[in-house]
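Morning, everyone. I have one structure to show you today.

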Amino acid sequence: MAVFDVKQGTSPIILGFPHTGTEVPTDIWERLNDYGKILADTDWHIHHLYDGLLSDPTTVRATFHRYVIDANRDPAGVSLYPGQNTTGLIPETDFDGKAIWKDGQAPGEADIAARLRDFHAPYHAALAAEIERVRAIHGVAILYDCHSIRSHIPFLFEGKLPDFNIGTDMGKTCDSAIEQATLTVVEAAEGYDSVLNGRFKGGWTTRHYGRPETGVHAVQMELAQSTHLQTEAPPFAYDTAKAERLRVHLKDILVRIEQIAPGLKR
């Protein structure tokens, strides 16, 4: 299987999709239990949600599922949120804390090494190459990492998650103009709520690539799935009416960021 899909564009913006893939090799699939095979923690339909919002962005999408290996986790296995419940490089549980592997079939060190080599590393090599290509063209590259998650997950957070969750690792991963432009749009979006650097402050991808001093900026957008799904349970169907309302604001964010880009050249 091809582990990633790249579409090269001319915009200074790169859209990253580390968690929309649903491909699981047969030998790994057979080790998942019934909970694991639901693939509940997919960022359902996110690459479709963003399709066409910009005229010509670059997109880099992982085709493999995060249960194979999580492309948005530190390859060294370091936790993104020490002291808080989260899932690791190869998750042992789903977001509800339920085991996803059959008894005795959870991945070990050899599995981790193989999947880093065969999935995680190729995806990030492709992403890094596109960041360099875009920066060479524009003098700046902006990685907008696209995510979604269920709005209620007691294992990970209390209550309901805001609709828009902007992550910049407390302002470290992008110029303040990008952060402010994104925040301005979501705070004005009628019928939605939002937070900056709340429960989700940006995953490994955002933190690893976001180096504003080098001309590479990164921001993560974590959307509550209630904003664009019919239901946050199987079959996780796309809600076109909800999505179209949401896409207006997502487009506004991306267009504003794209317009800011020329002023961010080093």
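Start at the N terminus and read along the protein chain: the elements run β-β-α-α-β-α-β-β-α-β-α-β-α. The radius of gyration is 18 Å, close to the 18 Å that the globule rule gives for 266 residues, so the chain is as compact as a globular protein of that length. Keep in mind that this is a predicted model. In total, the chain has six helices and seven strands.

Now the overall build. Along the principal axes, the C-alpha atoms fill a box of roughly 55 × 40 × 35 Å. Of the 266 residues, 54% count as buried. Take the contacts between residues at least 6 apart in sequence: 79% of them join residues at least 24 apart.

Next, the surface and the charges. The accessible surface comes to about 11100 Å², and 51% of that belongs to carbon and sulfur atoms. The chain has 26 positive and 36 negative charges, and their mean positions are 2 Å apart.

On to some backbone details. Look at Leu-39, in the loop between α1 (26-29) and α2 (46-49). Leu-39 is not a glycine, yet its phi is positive, about 55 degrees. Is Leu-39 buried or exposed? Leu-39 counts as buried, because its relative accessibility is 7%, and the cut-off for buried is under 20%.

Asp-169 sits in the loop between β5 (164-167) and α4 (176-188). Its phi is positive too, near 50 degrees. Asp-169 is buried, with a relative accessible area of 16%.

Last stop: which bond joins Pro-234 and Pro-235? A cis peptide bond, with omega about 10 degrees. Pro-235 lies in the loop between β7 (216-224) and α6 (240-260).

Definitions and conventions
Residues numbered from 1 in each chain as written. Predicted model: local features only at pLDDT ≥ 70, side-chain atom pairs only at ≥ 80, totals over all residues. Heavy atoms only, no water. Helix = DSSP H or I, 4+ residues; strand = E, 2+ residues; numbered from the N terminus. Buried < 20%, exposed > 50% of the residue type's maximum accessible area, 1.4 Å probe, protein only. Rg over C-alpha atoms; globule rule 2.2 N^0.38 Å. Contact = heavy atoms within 4.5 Å. Areas by Shrake-Rupley, 256 points an atom, 1.4 Å probe, with all protein chains shown as cover. Lys, Arg positive; Asp, Glu negative; His and termini not counted. Charge placed at Lys NZ, Arg CZ, Asp CG, Glu CD.
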